Structure formats: C-alpha cells, structure tokens
Amino acid sequence: MLPNMLQTSPYLTRIDPEADPPITYWTDTFGPVFPEGDAPAADTAFGIVGLDRRIVWESDREMLSMLRACAAEPQAAEPLVTRYGTNRVTAATARNWLQAPEELCRAYRLVSGEIEVTAHCNWGCRYCPVATDPKPRRTMPMDLFEEIITKLAAVDTIDYVTFQFFNEPTLDKYFNDRVTVLAEHGMQLALYSNASALTQDKINTLQRHGVLRHLIVNMPSADPDEFAQLTGSRSYPHTVRNLHAAIDAGLRTQIVVNGVGEDLARNLDGVIRRFQPLGVEVFPSLTCDRAGDVSGLYAQDVYVGGRLAGCGWPVQHANISVTGDLFLCCNDYYQREVFGNIRDGSIDELMTSEAAVGLRRRVFGVADAPNDFLCRRCHNQAPDFPNRDFRPIATFG
C-alpha cells in the first residue's frame, strides 16, 4: 500500500548514459570509486544511482519527470497515480526512489569508521586548524575503543577504520594494542600519519597483524626548510627515516602533498622526484579551509545559501570523537554537530536516531539549515565542486 504522501529521495543522483565516468566517489581513501552497473541499452534515457552505488538504467522518461515533480516537496500519492500510473509510482516506491516524507534521510551506507584515538598533534601545519588553535592532549581509553570496534565490526558495509581526526595517531600510547584489537575483529586500517612517530616497533606490529589497508603520509615538501615552515616542525630527518623504514617493510604507502597554487605544483614535483622512484604513490591533496576554520592563503570563502544539496560524508563515514561522541563530518574541527555517543546504542540505532536524521535532512536540503550551519561554509556543498558524490534530482533543471 502506498503512503499518502511521497517525495523523491535526496540520495538519488541522475546520470546520463554518455557521461564517462558518470560519478566518482572521492570520500573513500586511495583514489576514486565508481558506481557499478551494466552497460546502458540503446534506448536508455537516463540512469539513477542511490546509496548502494549501483546504476539503474531507465528508458522511461516519464519516470524521471515524476521524480523531478516530487523532488522539491512531498506530493499526494493519489494524483501521482492518476498522472503517472500505478505501475510507475509503485515501482519507484519499491526502489525507494519515492519515499514517505518522514523516511527521507533515514538510510545510510557506512564505508568507514573515523576514530579520534588521540586529540592532539605534534605538528602545526599551516593548512590545518591545529596551527592556530591546537587542542589539549587527550587519548581514548582502550575499553571505549574496544566497544567502538565491536560495534563497527557489526556493520557489514564498513571496509576500514582510521585513527585520525586532526591528530597524529602514532603518538598514541595504545597504538599497538589498538592494532591488535583490529586484527581480532578482522578490520582494516587506513593509517593517516605524518610518520614522525612511526617507529620500527609500530611498523613491525602492522606487519605482524596484517591489518594495514594502506599508509597515507602527509609530506608537504621535500625541502627541509620549507617543510619546517609549512608544518611548524623540525622533524623532517626522522620523518623521512621512518617513511623509508615503512617502505622497506613493504607497507603499501601513499604520500599526499598539501598546498595551493604554484607552491603546491613545485612541492609536488619535489616529492615525486624524491619518493616515487621508491615505489610510492604521490598525489596532491585537496587542501581546504575546513568549512571556514582555516584562514589566510587557504581560505576558500565559501557560503552556500538556500537549501543545501547533499554530501557523502554524513551517510558514508561514522566520525567518532576521543570521548565516543558521533558527529557530522571530518571538516567539523570543533565537533559542533554531535548526534549521540557510542555508549548509547548500536551504530544503527545512533545513525537512525532523530538527531542524526535531522542533521542529514539539513545537509541534503530536505529541511532548512540555520545560517551558521557548518555545511554552508564547506566546498562540498558548492554547486560547481567537481568531486561531489551526490547531486540530488531537485538540483537539476
């Protein structure tokens, strides 16, 4: 039986058969991921991609017309059936393309758990809020960490966890213990690190347990003096030594180079020449102002008015603070948008709580967001941002 009112899910992205690639997911680590699907037929008019990242090709243009008509606000089911036909409305509802308004943004599909195991860093990179407002030293207790991993391991869509949130995870006194817990639960680690405290003992632990998905090292310059300027640290010699040790140990390693403009181009070239011959992948990083929390050279001055248009982070990644709070996004440096604590229930209970759904409804434009809402200052909401992995149908002409 159809609900009385129906609205198009804001998680849907419309794609064209000729687009190559039609959409990319950059919120995963280690490169882009693409939606899966069969090749479109000759009469295909459009495709729809939802949270499952699968393309459903359609030749029925009236289906797209109906989804557009229901995108901006709820529509009564009975007139929809009269206009578009029972079969079409029923098919769209069965696919969750049309939903009861109260169900919008309740779904999620986590691919990672982002865990703040420590709340401090030994660098003060210019492109990071830590440079101007460092947080006090805090370390997550092991019992809390074990509860988090147990609950994340029960989510079958999660591919990996991380240990970072504007911190340096290799400073963690429990690092080896945490790796052991991951191994016991069969979970993979994407280790974001500046490598300054990546000692041989930690490298050995990662090798022994086999949990490392990959190591991503922040290396903004291969020049020691410029490195010190950019990071506020004189740790270049032992950072490089530790990096060499990780490479020699066979750890799958990637170096990211942060920066903007000509400085980024120059430093990227220097890091490539220094480390790529060692078999390391080197990439420029998308340096941003963390929704307005970084100023100066890295400020983006983004402000998005009106209803927002969606973002992958709140539905694809569980961000968990050093105290176990769940919060909205990796760009929320001050953790303003908290919607629960891991102690209060399962991951599913927390992700489907009214607080969590309410936040996602603002992010995806189902509900109005306050003028000071974090996402209004984030490049992920900018209409012309090329790496947005959601483009709700309501945003198309």
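## Helix α4

Contact here means heavy atoms within 4.5 Å. The model is predicted. Helix α4 covers residues 142-153. At 1.5 Å a residue, its twelve residues should span 16 Å, and the C-alpha atoms at its ends are 16 Å apart, which agrees.

The buried residues of α4 are Met142, Leu144, Phe145, Ile148, Ile149, Lys151 and Leu152. The elements that cover these buried residues include the strands β7 (112-115), β8 (160-162) and β13 (317-320), together with the helices α5 (175-185) and α11 (347-351). An α-helix has 3.6 residues a turn, so residues three or four places apart point the same way.

## Aromatic pairs

The count of aromatic pairs comes to ten. One of them joins Trp123 and Phe227 edge-to-face, at 5.1 Å centre to centre and with 90 degrees between the planes. This pair links distant parts of the chain: Trp123 lies in the loop between β7 and α4, Phe227 lies in helix α7 (residues 224-231), and the two are 104 residues apart.

## Ring cluster and charges over rings

Ring pairs link Phe165, Phe166, Phe327, Tyr333 and Tyr334 into a cluster. Over the ring of Tyr333 sits the charged end of Lys135, 4.3 Å from the ring centre.

Phe145, one of the buried residues of α4, has the charged end of Arg178 over its ring, 5.0 Å from the centre.

How values were computed:
Residues are numbered from 1 along each chain as its sequence is written. This is a predicted model: local features need pLDDT of at least 70, side-chain atom pairs count only at pLDDT 80 or more; totals for chains, interfaces and linings use all residues. Side-chain values use heavy atoms; hydrogens and water are left out. Helices (H or I, at least four residues) and strands (E, at least two) are DSSP runs, numbered from the N terminus. The expected span of a helix is 1.5 Å times one less than its number of residues. Buried means under 20% relative accessible area, exposed over 50%, partly exposed in between (1.4 Å probe, protein chains only). Rings of Phe, Tyr and Trp (its six-membered ring) pair if their centres lie within 6.5 Å; planes under 30 degrees apart count as stacked, over 60 as edge-to-face and the rest as tilted. A charge sits over a ring if NZ of Lys or CZ of Arg is within 6 Å of the ring centre and within 35 degrees of the ring normal.
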